[in-house]
There are 2 protein chains.
Amino acid sequence: MAGTTEAPAPAGWDYEDPRPAILFDLDGTLIDSVYVHVLAWAEALRRGGIELSVWRIHRRIGMSGGLLVSALARETGLELTADDVQRLAEFHALEYERQRRSITVLPGARTLLRTLTTSGIPWAIATSGNEAGARPALDLLGAPGAVLVTRDQVRYAKPDPDLFLVAAERLGVPPARCVVVGDSIWDLLAAQRAGALAVGLLSGGYGRDELERAGAYRVYEDPADLLAHLDELGVRRPL
Amino acid sequence: MAGTTEAPAPAGWDYEDPRPAILFDLDGTLIDSVYVHVLAWAEALRRGGIELSVWRIHRRIGMSGGLLVSALARETGLELTADDVQRLAEFHALEYERQRRSITVLPGARTLLRTLTTSGIPWAIATSGNEAGARPALDLLGAPGAVLVTRDQVRYAKPDPDLFLVAAERLGVPPARCVVVGDSIWDLLAAQRAGALAVGLLSGGYGRDELERAGAYRVYEDPADLLAHLDELGVRRPL
């Protein structure tokens, strides 16, 4: 071959500013709340007369609450009205609130967010939970002013891409330049649909293989492990 | 090739009685208790001043309690005395007891055990838990007279093979003719060390791939799914 051709820039790519932005899921990704959510849903469903194995609930955490209840109802063959779904979601919120005191941030989460901020890397949090539930977590994370996109602000939560698309827009960064970090296959599916790269964390209790099959190009243990490998995401820290 | 040679019988094989025996794990395999154990351990460790991510606890459930605490202490870099371990195990037992009322059997568990019994297939339960914790589960399972081997009866719990070896001996069936059914990689590792075949269940919250890598030659969702595929284990029901 004589001569080379310059590669065309992918949509949304800016050679002047190639720095990525990071879009984080919240539960199981930054705070250690997945297992509390799991048992809160189990208790809510039980109060609603729905007996369902706990592992099936675990595998649905991170998706929209409405979708979660519909999916679980389908698995049990029940017909639920919109009122039923609403009531179950309220049971869950009450039960989760009762357990909230026991929830901590995941190892490395605070340092990771601070490092991104001081490195000038834009980041946001996008969660299928609602704002009332998510807001207190920002204080735990030492980031009360973080860009936060919640279920109340979009039409559809994960695995639809809306939450990540809105978060990218808030940061002013095209989705193609964003890296989504999440612990559930619903995060990774939503990331793919948003056209972002996806990174998985084991801290929500999924296995590595499940996350890779759902589209994670890297899987780390938790925020601390991700922080130790930030270079693999193309994050350059100022020297 | 002229003529055929008769295959030698593997150790412990009896052509007169080739029926397998089934050795079940308890938590996450027959009863839906893994997530309650996980949060009970999280609470016990917190009371003991040990902060540990919940997913790491989940991945240790099913192994001996002493080994679990030692492993978790290693991950956190703490030095624990035998007294510390004993105290944490007591905290866990108290917390688990407090939540016990919410625990149910997994779908299909009762029918599966009854089907094996009426088909003349010997079966037993072998758990890393102690007898006081395991005994009430037999009533839930409708099998108060089941052969039960618990942590108190062996030197080492899983992933050592002792529990399954004793269970096989109690049934009078060589381990090589036993199929171990469990939800955790510790069950599957112990099964391999006992020289038994291993089958995994997703009902403890591990991913399929994790169980296959740990030696499961088949993975089913839960006892109901296993019951629907009993023929794949070589279990012949009387016509």
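Which residues of strand 4 of chain B are buried on one side, and which on the other? On one side they are B:Cys178, B:Val180 and B:Gly182, and on the other B:Val179 and B:Val181, so that both faces of the strand are covered. The model is a predicted one.

**Strand 4 and the sheet of chain B**

- Five of the five residues of strand 4 of chain B are buried, and the strand is therefore largely enclosed by the rest of the structure.
- In a regular strand, the side chains alternate between the two faces of the sheet.
- The sheet of chain B is open and has six strands, in the order 3-2-1-4-5-6, with parallel pairing.
- Its edge strands, strand 3 (148-149) and strand 6 (218-220) of chain B, each pair on one side only.
- Strand 1 (residues 21-24) and strand 4 (residues 178-182) of chain B run parallel and are joined by four bridges.
- Within this pairing, B:Leu23 has B:Val180 as its bridge partner, and B:Phe24 has B:Val181.
- Four bridges also join strand 4 of chain B to strand 5 (residues 197-201) of chain B, again in parallel.
- Here the bridge partner of B:Val181 is B:Val199 in strand 5 of chain B.
- Between strand 4 and strand 5 of chain B, the chain passes through helix 8 of chain B, forming a right-handed β-α-β crossover.

- The buried residues in helix 7 of chain B include B:Asp162, B:Leu163, B:Phe164, B:Leu165, B:Ala167 and B:Ala168.
- The cover over the buried residues of this helix includes strand 1, strand 2 (123-126), strand 3, strand 4 and helix 8 (185-194) of chain B.
- Just after helix 7 of chain B, B:Gly172 adopts a positive phi of about 70 degrees.
- B:Pro159 is located in the loop between strand 3 and helix 7 (162-171) of chain B, and a cis peptide bond with an omega of about 15 degrees joins B:Lys158 to B:Pro159.
- Most residues other than glycine have a negative phi, and most peptide bonds are trans.

**The sheet of chain A**

- Chain A has an open sheet of six strands in the order 3-2-1-4-5-6, with parallel pairing.
- Strand 3 and strand 6 (218-220) of chain A stand at the edges with a single partner strand each, so one side of each has no neighbour in the sheet.
- Strand 4 (residues 178-182) and strand 5 (residues 197-201) of chain A pair in parallel over four bridges, and A:Val179 stands opposite A:Leu197.
- Helix 7 of chain A packs on the sheet and touches strand 1 (21-24), strand 2 (123-126), strand 3 and strand 4 of chain A; its direction makes about 150 degrees with that of strand 2 of chain A.
- A cis peptide bond joins A:Lys158 and A:Pro159, with omega about 10 degrees; A:Pro159 lies in the loop between strand 3 (148-149) and helix 7 (162-171) of chain A.

**Domains of chain A**

- Chain A is divided into domain 1 (21-32 + 104-233) and domain 2 (35-102).
- The centres of the two domains of chain A, taken over C-alpha atoms, are separated by 23 Å.
- Their contact takes 14 residues from domain 1 and eight residues from domain 2 of chain A.
- The side of domain 1 of chain A that touches domain 2 has four nonpolar, five polar and five charged residues.

**Contact between the chains**

- In the contact between the chains, 21 residues of chain B meet 21 residues of chain A.
- Helix 1 (34-47), helix 2 (54-58) and helix 9 (208-213) of chain B are the elements that give two or more residues to the side of chain B that touches chain A.
- By class, that side of chain B has nine nonpolar, seven polar and five charged residues.

Note on methods
Residues are numbered from 1 along each chain as its sequence is written. Chains are lettered from A and ligands numbered from 1 in the order in which they are written. This is a predicted model: local features need pLDDT of at least 70, side-chain atom pairs count only at pLDDT 80 or more; totals for chains, interfaces and linings use all residues. Two strands pair if DSSP finds at least two bridges between them. Two residues are in contact if their C-beta atoms, placed from the backbone, lie within 7 Å. Ala, Val, Leu, Ile, Met, Phe, Trp, Tyr, Cys and Pro count as nonpolar, Asp, Glu, Lys and Arg as charged, and the others, Gly among them, as polar. Domain bounds come from an automatic or database domain assignment. A residue is buried if 20 or more other C-beta atoms lie within 10 Å of its own, exposed if 12 or fewer, and partly exposed in between; C-beta atoms are placed from the backbone. Axes are lines fitted to C-alpha atoms, for helices over the stretch in contact, and angles run from 0 to 180 degrees between N-to-C directions. A crossover is right-handed if, with the strands pointing away from the viewer, the path from the first strand over the helix to the second runs clockwise.
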